[in-house]
Each structure stands twice: as C-alpha cells, then as structure tokens.
Amino acid sequence: LLLPIWANAETVKMDGIWYGLNAQDNVAEVIKSGDDSQYRGNVIIPQKVMYNGVEYAVTEIGNEAFLECKYLTGITIPHSVANIGDEAFKGCAKLTDVYCEADKVPTTKNGVFDGVDLKHATLHVPESAIDEFKSSAPWSGFRTIKALVVIVEKDRIQVDGLWFELTHEDQTAEIVAAKDSSKYIGNIIIPDRKSTRLNSSHQVL
C-alpha cells in the first residue's frame, strides 16, 4: 500500500479549514491552522474539496491538526478519512461530540485523544460499525458510543431560472419542477458542477 507523500503538499485554507493538497494523488490532509488561530466550535470536515478546478478527496487528519484547540466542541470526520495522525485532537478539553462516518475504523497514531475527557464525550458512528469501534483503541475509550443518526436534508432553490433540490448528505442537486407551477420555456442550459452558482460541492445529476 503506497501512502501519499505530503512533503511537497500545497497548503490552503477553505471554509475555515486548513489542508495540505497532494496534487499527484488528488487527496487532501486536514492540517494544523496556518495562521495561529484555533479551530473552535463544531467543525465539519467535508469528504472532498475543490481547489483551482481540481477535486481532492479528504483522506487524512494530520499530526497535531487540532492540537490544543481548547474551544473545539464537536468534530465530524467523513467516511473518506482513513488515517488520523499523532496527537490530532490532543488537549481538546471541551470536545464532547465526535461524529465518525466511517464504516471501517480509521487508522490512528499515538495520543490522538490525549487530554480529551472521553468519559463525558460521545462517539457517533454508523450502527453497523459500533462493535468494531468499541473494540478498537483509542475509540474504545469513549464511555458512550451510539449510532449515527443520518438525516437527509433537502433544500429547494432557484438559480438562473432553474429550480434545484439539494441533497446535503451526498452533495447532489436535482433539477425539479418550478416551485411556482410555471413552465420552463426557451433555451434551457443545465449547468455543470464547475459553472453553477450552487454550493460548489453539489453535483448536478
């Protein structure tokens, strides 16, 4: 198994999260804040990010990525993340909810949750993976491990005369009938993901 090399990764900040981008493999690693600020509140890591027209799968959380982020209260780890580095969440004293969407337990290195009060924190994972997480350190240190509740949220919006229904779970957009019962007429141009002014993470089906 060949792992991506991050030594020459480009460092960028998108939607408040810092990434190292590996252009060779088109993968991204969540990294420590590059401007001396701290991650805080509830941070949701996306499955993929788009930069300069190129899509990168978020596959790793790097060493010390959230180290000593004392005001981090929640973290969502997408199923695309397979590896979590040394001391990634060390010292996150207020971290109370970890949402891990992976069906397989991510590989972890040393001290990932050192300094986190796991006895009073909740780990949310897919129901099918609960037993595996309960038997795998450091995840087994969470006193409460419960099934992840999946809610499919849909919004209907109008862009350039077309109505779209957005599904946030799988980040897709479907063209639907006009909300005001009017009909589409004339020359209709259906946008692709790169040209649409929808959320750039939504793919038009």
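Tyr184, Ile188 and Ile190 together make a nonpolar surface patch of about 270 Å² in this predicted model. The protein has 205 residues, of which buried residues make up 41%, and its elements are one helix and 16 strands. Its accessible surface comes to about 11900 Å², with 47% of that area belonging to carbon and sulfur atoms.

**Surface patch**

- Ile188 is partly exposed, because its relative accessible area of 39% falls between the 20% limit for buried and the 50% limit for exposed residues.

**Nonpolar cores**

- The largest nonpolar core holds 45 residues, and the members that touch the most other members are Tyr19, Ile61, Phe66, Ile77, Phe89 and Trp139.
- Elements that give two or more residues to this core include the strands β1 (10–14), β3 (27–30), β6 (54–61) and β11 (122–125), as well as the helix α1 (130–134), while the largest share, four residues, comes from β2.
- Phe66, leaving aside residues up to four places away in sequence, touches a set of residues that includes Val30, Tyr39, Ile61, Leu72, Phe89, Lys90 and Cys92.
- A second, separate core of five residues has Val159, Phe164, Leu166 and Ala173 among its members.
- Across the protein, 47% of the contacts with a separation of 6 or more are between residues 24 or more positions apart.

**Salt bridges**

- A search of the whole structure finds two salt bridges, and one of them joins the side chains of Asp35 and Lys13 at 3.3 Å, N to O.
- Because Asp35 lies in the loop between β3 and β4 (41–44) and Lys13 in strand β1, this pair ties together parts that are 22 residues apart in sequence.
- Both partners are partly exposed, Asp35 at 36% relative accessibility and Lys13 with a relative accessible area of 44%.
- The side chains of Lys90 and Glu87 also meet in a salt bridge, at 3.4 Å, N to O; Lys90 counts as partly exposed at 28% relative accessibility, as does Glu87 at 24%.

**Model confidence**

- The mean pLDDT of the protein is 85, and 82% of its residues reach 70 or more.
- Where pLDDT is low, the predicted coordinates should not be read in detail.

How values were computed
Residues are numbered from 1 along each chain as its sequence is written. This is a predicted model: local features need pLDDT of at least 70, side-chain atom pairs count only at pLDDT 80 or more; totals for chains, interfaces and linings use all residues. Side-chain values use heavy atoms; hydrogens and water are left out. A nonpolar core is a set of buried Ala, Val, Leu, Ile, Met, Phe, Trp, Tyr and Cys residues joined through side-chain atoms within 4.5 Å. Buried means under 20% relative accessible area, exposed over 50%, partly exposed in between (1.4 Å probe, protein chains only). Contact means heavy atoms within 4.5 Å. Accessible areas come from the Shrake-Rupley method with a 1.4 Å probe; for residues, only the protein chains shown count as cover. pLDDT is the predictor's confidence in each residue, from 0 to 100. Patches are made of residues with over 30% relative accessible area and no salt bridge: like charges are joined within 9 Å, nonpolar side chains (Val, Leu, Ile, Met, Phe, Trp, Tyr) within 5 Å. A salt bridge is a side-chain nitrogen of Lys or Arg within 4 Å of a carboxyl oxygen of Asp or Glu.
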